[in-house]
Amino acid sequence: MKAVEIKEGIYWVGGIDWSLRNFHGYLTQRGSTYNSYLIIDDKITLIDNVKSYLADELIKRISQIIDPGKIDYIIQNHIEMDHSGSLPEILKRCPNATVMASPQGVQGLAKHYPMNCSIESVKSGDVIKLGKRTLHFVQTPMVHWPDNMVTYCPEEKLIFSNDAFGQHIASSERFDDEYPLSQLLHEAEKYYANIVLPFGKQVQKALDTVGTLDIETICPSHGLIWRSHIKEIIQHYVKWSHNEVDNKALIIYDTMWKSTEKIAYAIQSAFEHHNYKTRLINLQHHHISDIMTEVLAAKYICIGSPTLNNNIMPTVAGFLTYLKGLAPKGRKGLAFGSYGWSGQSVGIVENIMKESGFDMLEMVKLQYIPTEEQIESITAQISGQL
Ligand code: FEO
């Protein structure tokens, strides 16, 4: 595939990872891209690069525009290896280029690669002149690592936002108006829920800064470039970063002999009765990263496990670990489950949810198979707390 000109003299030259399905535990069912951008001016500049195994693809695309040896500046907005993995290969072709990153980025790069090259740290407020264009740097720590920054070009009203506003989508389309918008927003939501969610406060800070800039194009480092739906994606980021939720309840569970599942249905009925949107999610059939996408807009997260070997089901343990790490804030929780004799599971689920910051409803714990009367009393118990 060719390099794609996104503005006169500015090209997308990234890599497309069509077959990627697992991004450290995140199911990327649409693959991904690692976007790299080439600016042709008096100073030739490359913004970010690609995973190491796509270095050839990147170098071929750059070579369609210029000899890679002519690159003057390599801006490393983020050091994570999906955006820096090809740096050693690029530097072999332009050994006199200067690499620029935030102070944390400069330190981090030295711990990833032999940086036998010119390297400069840049911070918020710093500006470099390329010729007819300038690049302005804004540090955005923890969106997604401490080193992150974004790079703004005021002459083009264009921001290179790195992980922010990204989506894991492999496609031949490059722009938001060329791709189905609902799928694009869904993937942006999934990306936020699985990558950015713990850093809401930092996102708000970054949005405050970015909000003062005149922007016509957002060039993220994953997925499609935003040029027609900038208002929508910014509005979504504002909502997500403030942990705004809908009247929506998730009932997430695993089950051995369908008793915990019966409780799950009873809980779902209670929420439905109170006009909540509900999702009944059996962990045997849903990927944890897809469940996190649902968590983003949910007010109630109910998690159920039967007791298995004095503990909880491994599927539930895996999801709870993932959920705890992503630390959604301002949500309510409920632990539930059936047991045979020892009955530890519901307490274990409740404790992990409390440690994760959930405000918990009274737990639902029943021995063996729930009776019709018990099912009715569960519905009443939940209803009484909504
Ligand atoms: Fe896409 Fe934090 O790297």
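Let's start with strand S10, which runs parallel to strand S11 (residues 118–121) and is joined to S11 by 4 bridges. Strands here are DSSP runs of E with at least two residues, helices are runs of H or I with at least four, and both are numbered from the N terminus. Two strands pair if DSSP finds at least two bridges between them. Met100 has Glu120 as its bridge partner in S11. To get from S10 to S11 the chain passes through helix H4 (residues 103–110), in a right-handed β-α-β crossover. Right-handed means that, with the strands pointing away from the viewer, the path from the first strand over the helix to the second runs clockwise.

A quick word on the model: it is predicted, so local features need pLDDT of at least 70 and side-chain atom pairs count only at pLDDT 80 or more, while totals for chains, interfaces and linings use all residues. Residues are numbered from 1 along each chain as its sequence is written, and side-chain values use heavy atoms, leaving out hydrogens and water.

S10 also runs parallel to strand S9 (residues 73–75), with 3 bridges joining the two. Here Ile74 stands opposite Val99. In a regular strand, side chains alternate between the two faces of the sheet. In S10 (residues 98–101), Thr98 and Met100 point one way, Val99 and Ala101 point the other way, and all are buried. Buried means under 20% relative accessible area, exposed over 50%, and partly exposed in between (1.4 Å probe, protein chains only).

Gly14 sits in the loop between strand S2 (10–12) and strand S3 (15–17). Gly14 counts as buried because its relative accessibility is 0%.

Now for the pockets. On a 1 Å grid over the protein atoms alone, a pocket is an open set of points where a 1.4 Å probe fits, with protein on both sides within 12 Å along at least five of seven lines; lining residues have an atom within 4 Å of a point.

| Pocket | Lining by class |
|---|---|
| Largest pocket | 8 nonpolar, 10 polar, 1 charged residues |
| Second largest pocket | 3 nonpolar, 3 polar, 9 charged residues |

Asp, Glu, Lys and Arg count as charged, Ala, Val, Leu, Ile, Met, Phe, Trp, Tyr, Cys and Pro as nonpolar, and the others, Gly among them, as polar. The largest pocket has 19 lining residues, and Met256, Thr307, Tyr339, Gly340 and Trp341 lie nearest its centre. Helix H8 (259–273) and strand S20 (332–339) each give two or more residues to the lining of the largest pocket.
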